[in-house]
Amino acid sequence: MQDSSTGSRHGAGSTARPSRRTVLAATAGITAALAISGTAHADTDTDTRLRALISRMTLEEKVGQLFVMRVYGHSATAPDQADIDANLNEIGVRTAAELIAKYRVGGIIYFSWAHNTRDPHQIADLSNGIQKASLDQPRGLPLLVTTDQEHGIVCRVGKPATLFPGAMAMGAGGSPSDARTLGRISGTELRAIGINQDYSPDADVNVNPANPVIGVRSFGADPDAVAGMVAAEVKGYRAARVAATAKHFPGHGDTAVDSHFGFPVITHSRALWERLDAVPFRAAIRAGIDSIMTAHIQFPALDDSGDPATLSHPILTGILRQELGYDGVVVTDSLGMEGVRTKYGDDRVPVLALKAGVDQLLNPPNLDVAWNAVLKAVRSGELTEARLDTSILRILRLKDKLGLLDDPYARTSCIDRTVGTDAHLAAADRIAERTTTLLVNQGGILPLSRRTQPKLLIVGPDPASPSGTTGPPTSVLAAALAEQGFATTVLPTGTAPSSATIAKAVAAAQDADAVIAGTYNVTAGSSQQTLVRRLVQTGKPVVAVAIRNPYDVAQLREVPGYLASYSWTDVELRAAARVIGGQVNPQGRLPVAVQRADDPSKVLYPIGHGLSY
């Protein structure tokens, strides 16, 4: 259920943006240090001035600067008691402010499940509270505040922020201009609430339909097309002064194992990697990408040691740094994922990641263990302090580039005229309309007519909202079709409808003029197959909408009308409804190939397939 208790703008635990005088006082030490050998933030000699900051840091502060950590709560100083309890249990501190004081972390990552992202004003207050907590420390530095705002199926900041179609939908639209607009608007809204780094875009080339972790998070299966979209989105975020992050290097697009729960192995040759996986990352680097995230995958053609890429010196230093010439920030994927914990213990992983060439250590399962492991490695000589300084310099370069060393605070007075504005929402709707893909239209079943087919039955699954603020999908489709003059009946049937549910849907179809059926990752033998086939057998016109993977169409070839929306968020479903009702002519083209279900060696629908009216 959606949490509607967003709280007051300046209620208990909120942190209003400090005055300019307070900011200047808090950053006085930074400004003084940067003033050495020239004016603060002059274009020349930046590294010299940043090294002056590093020279004043204690070893413990340097270690902390390498970590980006989760923390529970809507407030930096006064979270709810349940979040205090979660923090004590997992991190050993009560609040974000205590986390910063104890470990001097260089960044915080926001999650909706950690209750960090209730509403724009709360998020801005949390961000400002975090920055104040850090700047109040001796030699305090501003933090990188980050999140996974990929849009589509991975989205941490929900409505009223503007939500765009996900990457594969954007790939179906095929417009780098739209991708740049997404980055610019999303970045502008994130920056307005104090988030200055986004773990997006996904630069993986999804060539495996069975990929359980990337899939529609990828722009598609054509490396050049993916590269163009990645570069455009990066430029959009850069224009908004938010650090974009290309992920997951060296490429997570061809795996049937989810690295959250297992240790995937990529079997591509080095030559295939060059032609396929490397292409979007090269484009991201040319576009000025600020950070690159590693993958917890084994890639024997690039490193035959059996180590995950996150811990691989040949991959991160040999290839990414030396061959591709990238000298920006490298951040790990979450260190709590199984893919990086399979071979080594949690005390070794952060040390080995730094030795491999990583700069930022993201979300270790036990921060105390990881933090002390790095500290011990430096004191024992396994890592040098100079090695830490190299990474901290990259991190500070990024913070300086984003303007955080001048003023890291969100301006709460600007939120309402920046986040979720009518212009931004309209742009997202227009972009979504260019992504909906019509895969099948036998006999011209689409578009439906509200004059001859006024009564519609809407069935299908209602997966949880990625951001907790959208859906449910069947109701969103019904409402969007009702706005066009159709009379709609909604019957949620789930991802595994029972025989009783299927019978109920078939009975309900008798009173409808047409049926709209959402499908979600249909597999051979799935009861979703049974449901849709039984509905087709009623003789009523049936239109299916693949609300996640477009590969569903191969499992239901008897359906006369099939659309792909690539995600089940409101903006994509509203666009699909406008296509169904004929208000919009479908323009999307498949960014991946769909193989036949009975013979995967044969292509049913190639990249570029898509029908129009």
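Q: What is the mean pLDDT of the protein chain?
A: This is a predicted model, and the mean pLDDT of its protein chain is 92. Of the residues, 93% reach 70 or more.

Q: Where does pLDDT stay under 50?
A: One such stretch is residues 1-17, for which the model has 28 contacts beyond four places in sequence. Another is residues 19-28, with 10 contacts beyond four places in sequence.

Q: Turning to the sheet, what is the order of the three strands?
A: The order is β7-β8-β9 in an open sheet, and the pairing is parallel.

Q: Which are the edge strands?
A: They are β7 (245-249) and β9 (329-331), each of which pairs on one side only. From one strand to the next, the twist averages 25°.

Q: How many bridges join β7 to β8?
A: Three bridges join β7 to β8 (residues 291-294), and these strands run parallel.

Q: On to helix pairs. At what angle do α20 and α21 pack?
A: Helix α20 (residues 499-509) and helix α21 (residues 527-537) pack at about 25°, and their axes are 9 Å apart. Angles under 35 degrees count as roughly parallel, so α20 and α21 are described that way relative to each other. The crossing of α20 past α21 is right-handed.

Q: Which residues make that contact between α20 and α21?
A: From α20 the contact uses I502, A505, V506 and A509, and from α21 it uses S527, T530, L531, R534 and L535. Sorted by class, the contact of α20 with α21 has six nonpolar residues, two polar and one charged.

Q: And α18 with α22: at what angle do they cross?
A: The axes of α18 (residues 422-433) and α22 (residues 570-580) cross at roughly 55° and come within 9 Å. That angle makes α18 oblique to α22. Here α18 passes α22 in a right-handed crossing.

Q: Which residues meet there, in α18 and α22?
A: On the α18 side they are A428, D429, A432 and E433, which meet V571, R574, A575 and R578 in α22. By class, this contact of α18 with α22 has four nonpolar and four charged residues, with no polar ones.

Q: Changing topic, where is a peptide bond cis?
A: A cis peptide bond joins K159 and P160, with omega about 15°. P160 is found in the loop between β5 (154-155) and α8 (167-173). The bond from G471 to P472 is also cis, with omega near -5°. P472 is found in the loop between β12 (455-460) and α19 (473-482).

Q: Which residue has a positive phi although it is not a glycine?
A: R139 does, with phi of about 55°. The loop between α7 (120-135) and β3 (144-147) is where R139 lies.

Q: Why point out these backbone details?
A: Because most residues other than glycine have a negative phi, and most peptide bonds are trans.

Note on methods. Residues are numbered from 1 along each chain as its sequence is written. This is a predicted model: local features need pLDDT of at least 70, side-chain atom pairs count only at pLDDT 80 or more; totals for chains, interfaces and linings use all residues. Side-chain values use heavy atoms; hydrogens and water are left out. Axes are lines fitted to C-alpha atoms, for helices over the stretch in contact, and angles run from 0 to 180 degrees between N-to-C directions. Helices (H or I, at least four residues) and strands (E, at least two) are DSSP runs, numbered from the N terminus. Angles under 35 degrees count as roughly parallel, over 145 as roughly antiparallel, 65 to 115 as roughly perpendicular and the rest as oblique. A crossing is left-handed if the near helix is turned anticlockwise from the far one by less than a right angle, and right-handed if clockwise. Contact means heavy atoms within 4.5 Å. Ala, Val, Leu, Ile, Met, Phe, Trp, Tyr, Cys and Pro count as nonpolar, Asp, Glu, Lys and Arg as charged, and the others, Gly among them, as polar. Two strands pair if DSSP finds at least two bridges between them. pLDDT is the predictor's confidence in each residue, from 0 to 100.
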